[in-house]
Amino acid sequence: MVNFTYINQNVLDNLFYILASLFLYFVLYENVKRLKRYKKTLMTICMSLPMILSMRFPIYIDEYCVHDLRQIPFIIGTLYGGWPVGAALLTILLTVRFVFYGANFLTVIVYIVIFIATALYSTRFNTLNRKRKVTASVLLSFVLAVVTTFIAVMMSDSFRVTEAYVFYFIVLPPVIMFFAVSIIELLSDALFIRSKVVKLEKMEVVSQLAASISHEVRNPLTVVKGFIELLKDPGLSQEVRDQYIQHVARELKSAESIISDYLAFAKPAAEKVEHISIDRELRNIMEVIKPLANMNSVTISDKLVPGMVLGNTKYFQQCFLNLIKNGIEAMPDGGELSVISAVNKTHMTIEISDTGVGMTKEQINRFGEPYYSSKEKGTGLGSMVAVRIIQTMKGTFDIKSTLNEGTTITISFPVCMDEQGVSKL
């Protein structure tokens, strides 16, 4: 009597080998970059595993009939990989079959027929859309099951077609093929969509940068063009001419500053890495920014401790000049801006706090995005460059803000040793 529990268990095992190998293929293909150059080799290996395991743990129908689902990974590999993958899988299949169970001429004939039919259809198959691929694979597996059964009946007097055989090896394989190919196509589409999304995100950033730089550079260049037209007037006095030239020089300097900001953002790493004395550089920055603070009735206070980090001094100055300037401009009616630093064994933290207009949750989330600013005439360049420099220096930042109360930005950098090898704690 047939033990149907035992049969079902082996069928589920064979099915598990097939599905697990498909997921293994996509995981390796997506996460190991080197394997993308060896797609067919990877497919051959991944389809070989369920073939071997299916033969090692076959499905017993009765004492005279033993089969397995090795034909499914064989057909899948040949359909998607073409004749090179199919030929490799055929060689592996026959070799392992002979090692496990000995040579059998009928097995050779059956799988050569499957290989030829599947390899010939492979080129056409890979041009179909997902729906047609699923349909074609189901029909192909059914036709091949019927044809190979007919061949087996004709060539072997001992081969018997029972109800269990019909169910497990003529009806069931097309059903399994339906789910297997559906999963393959679904995962393939997911990877394709993911790559498209990444490209679209990159294009969006490029378009934002292009729009921003076009907008910002056009303004000073328009002013320059206007003054150059005015300079053509031969009746201008030398004093007026000098004033116009000063305006032209100022606008050109503005355009140069904008371009420098973009270059600082785009540059992958600082050109020169050196030890930066945090307290000294921050005091220098505050001295430079004091005139702007006085113009806005802003009082600057500091509480700084000695500490050193690694980075580029010029970029560090630019980063904190932008952040402190943002804090001052956030207080149009005056206020207080404080700069506090602290250090422990691993990190140096710097807090910049203002009592200005504050930021909404959306503004905090979009802080550092190109072409986004909470200021009416802002471009977001200053914060964008600051964020990029912090990331380049392997730092992190955190923003806490309340509307009409103020904002605190906390920046943290890995601490380093000074020139004498002493940690600045």
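Is Leu28 buried, partly exposed or exposed? Select Leu28 and keep that in mind while we set the ground rules.

This is a predicted model, in which local features need pLDDT of at least 70 and side-chain atom pairs count only at pLDDT 80 or more, while totals for chains, interfaces and linings use all residues. Residues are numbered from 1 along each chain as its sequence is written, and side-chain values use heavy atoms, with hydrogens and water left out.

**Stop 1: the whole chain.** Helices here are DSSP runs of H or I with at least four residues, strands are runs of E with at least two, and both are numbered from the N terminus. Of the 425 residues, 42% count as buried; that label means under 20% relative accessible area, with exposed over 50% and partly exposed in between (1.4 Å probe, protein chains only). Switch to a surface, and you are looking at about 24100 Å², 61% of it supplied by carbon and sulfur atoms. Those areas come from the Shrake-Rupley method with a 1.4 Å probe, and for residues only the protein chains shown count as cover.

**Stop 2: Leu28.** Leu28 is partly exposed, because its relative accessible area is 27%. Leaving aside neighbours within four places in sequence, Leu28 is in contact (heavy atoms within 4.5 Å) with Leu35 and Leu42. Draw a C-alpha to C-alpha distance from Leu28 to Leu42 and you get 8.4 Å, for residues 14 apart in sequence.

**Stop 3: Asn322.** Jump to helix α9 (residues 313-329), where Asn322 sits. Asn322 counts as buried because its relative accessibility is 14%. Now show Gly382 and Val385: Asn322 touches both, not counting residues up to four places away in sequence.

Stop 4: Select 396-402 and 406-414, which are strands β8 and β9, paired in the antiparallel sense over seven bridges. Two strands pair if DSSP finds at least two bridges between them. Pick Ile399 and look across to β9 for its bridge partner, Ile409. Then go to the three residues between the strands, where Asn404 takes a positive phi near 65°.

**Stop 5: a nonpolar patch.** Finish on the surface with Val153, Val161, Val166, Phe167, Val171, Val175, Phe178 and Phe179, which together have about 650 Å² of accessible area. Patch residues have over 30% relative accessible area and no salt bridge; like charges are joined within 9 Å, and nonpolar side chains (Val, Leu, Ile, Met, Phe, Trp, Tyr) within 5 Å. A salt bridge is a side-chain nitrogen of Lys or Arg within 4 Å of a carboxyl oxygen of Asp or Glu. Helix α6 (residues 163-231) gives the largest share, six residues. Click Phe178 in α6: Phe178 counts as partly exposed, at 38% relative accessibility.
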